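Please look at the sequence and the structure before reading on.

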Amino acid sequence: MATNHEADAEADALADAVDTETGARGAVYALAARTFTEPDEDLYAALADGSLDDEFAALVDRTGLDVAPPDLTVDDDRDTLAARYNDLFVVGYSEVVDGTDGTVHSEGPPVSLYESAYRSEVSWNDVNLDLARAYEYFGVEVDQDERRHHDHVRLELEFAGYLCRVAAAAPTVDAAVDVEGARRARLDFHDRHLSVLVSGLREALDDEPGTSIYGRLARFLDAFSSADVDDLDDRLDVGAGRTTADEAGGEGA
C-alpha cells in the first residue's frame, strides 16, 4: 500500500503530465458552443451580469495563446437578443416572383451555422459523411433528440473541445494516451472543418448589421482557432509528445 507521501507524489506527477493549456482551450471551445445559441434564461443571466465574460477571460488566460477574450456585453433584453439570433441564423424568407404561376423564391437565413454553406468545392454529403466518420472514430455521436446535421457550429465546437480533452489527458497505468496523435487529430479537424466554418461564419456576420454578441464571438473564434492551429504546428514541428528510441529503451528503426 502506498504511503501518503507516495500518493501525493503520484498525484503531483499526474497533474504535471496533464496539458492544462490544451485543456483550457477545450473549455473555451465548449463554452463558445454553449454561447452560440438562442439565449435561454441561464445563458442570458450569465451574459447580463458579466459572469460569462469573466469565465471566458479566465479560460483564455490559461490557454497560453495571445488572443483577447471576447466582449460579450449585452445591451438588449433577452427577447431582443433572441430575436437577433433568430433573424440572423434561423428565419429565412420567401417571395412570389411570378404571380401568374405561383413561382416562389425562397432563401435561408442571412447567416448559416453549417460548415457546408461555406464549402462550395465539396458537397453537403461529403462534409457530413467525413464528420460522421470522425465522430464515430472517437466514440461520440450526435444527440438524436436535436435536429442538427453533423456540420452545425455547436457540434463542431463541442467536438473540438472533446479532442482537446483527449490531447490534454495524461497517460495512466491502464492506458497510454497518444499525445502527438491526439494533437495531429486536432490539427486535422481544424484544417478539414473547424477553421473553414469559423472563418466563413465570421465573414458572413461581418457583412450583416446588428450582429451583437454573435459577431464579436465569431471574430474571437476565428482569431482563437487560428492561434490554436499555429501553436499546434509549432508543437508538432518540434516533436512535442514524441518519445525517442533511446528513451523508450529500444533501438531506432
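Ala, Val, Leu, Ile, Met, Phe, Trp, Tyr, Cys and Pro count as nonpolar, Asp, Glu, Lys and Arg as charged, and the others, Gly among them, as polar. The model is predicted. In these terms, the lining of the second largest pocket has 7 nonpolar, 1 polar and 3 charged residues.

Rolling a probe the size of a water molecule over the atoms shows where empty space is left.

| Pocket | Volume | Lining by class |
|---|---|---|
| Largest pocket | About 240 Å³ | 6 nonpolar, no polar and 7 charged residues |
| Second largest pocket | About 150 Å³ | 7 nonpolar, 1 polar and 3 charged residues |

In the largest pocket, 13 residues form the lining, and E141, V142, D143, L155 and E158 lie nearest the centre. Helix α7 (residues 153-168) provides the largest share of this lining, 6 residues.

The residues that line the second largest pocket include D130, Y137, F159, L163, F189 and H193. At least two lining residues come from each of α6, α7 and α8. The largest share, 5 residues, belongs to α8.

**The nonpolar core**

The largest nonpolar core has 50 residues, and those that touch the most other members are F36, F56, F89, L201, F220 and L221. Two or more residues of this core come from each of α2 (20-35), α3 (41-48), α4 (51-61), α5 (78-89), α6, α7, α8 and α9. Helix α9 gives the largest share, 8 residues.

Leaving aside residues up to four places away in sequence, F56 touches V28, L31, A32, T35, P69, P70, L72, L217 and F220.

**Helix α3**

Which residues are buried in α3? They are L43, Y44, A46 and L47. Seen down the axis of α3, these buried residues fall within an arc of 160 degrees, so they line one face of the helix. An α-helix has 3.6 residues a turn, so residues three or four places apart point the same way. On the other side of α3, E41 and D42 are exposed. The buried residues of α3 pack against α2, α4, α5 and α9.

L113 is found in the loop between β2 (103-107) and α6 (124-137). Is L113 buried or exposed? Its relative accessible area is 5%, and a residue counts as buried under 20%, so L113 is buried. Not counting residues up to four places away in sequence, L113 touches F36, Y85, F89, D151, H152, V153, L197 and L201. L113 and R154 are 41 residues apart along the chain, and their C-alpha atoms are separated by 8.3 Å.

T211 sits in the loop between α8 (179-206) and α9. T211 has a relative accessible area of 10% and is therefore buried. Beyond residues up to four places away in sequence, T211 touches L88 and L205.

D233 belongs to helix α9 (residues 212-237). With a relative accessible area of 32%, D233 is partly exposed. In sequence D233 and R184 are 49 residues apart, while in space they are 9.1 Å apart, C-alpha to C-alpha.

Methods:
Residues numbered from 1 in each chain as written. Predicted model: local features only at pLDDT ≥ 70, side-chain atom pairs only at ≥ 80, totals over all residues. Heavy atoms only, no water. Helix = DSSP H or I, 4+ residues; strand = E, 2+ residues; numbered from the N terminus. Buried < 20%, exposed > 50% of the residue type's maximum accessible area, 1.4 Å probe, protein only. Contact = heavy atoms within 4.5 Å. 1 Å grid on protein atoms, 1.4 Å probe; cavity = no way out; pocket = protein on both sides within 12 Å on 5 of 7 lines; lining within 4 Å. Points joined across faces, edges and corners; volume = space filled by probe spheres on them. Core = buried A, V, L, I, M, F, W, Y, C linked by side-chain atoms within 4.5 Å. Arc of directions from axis to C-beta.
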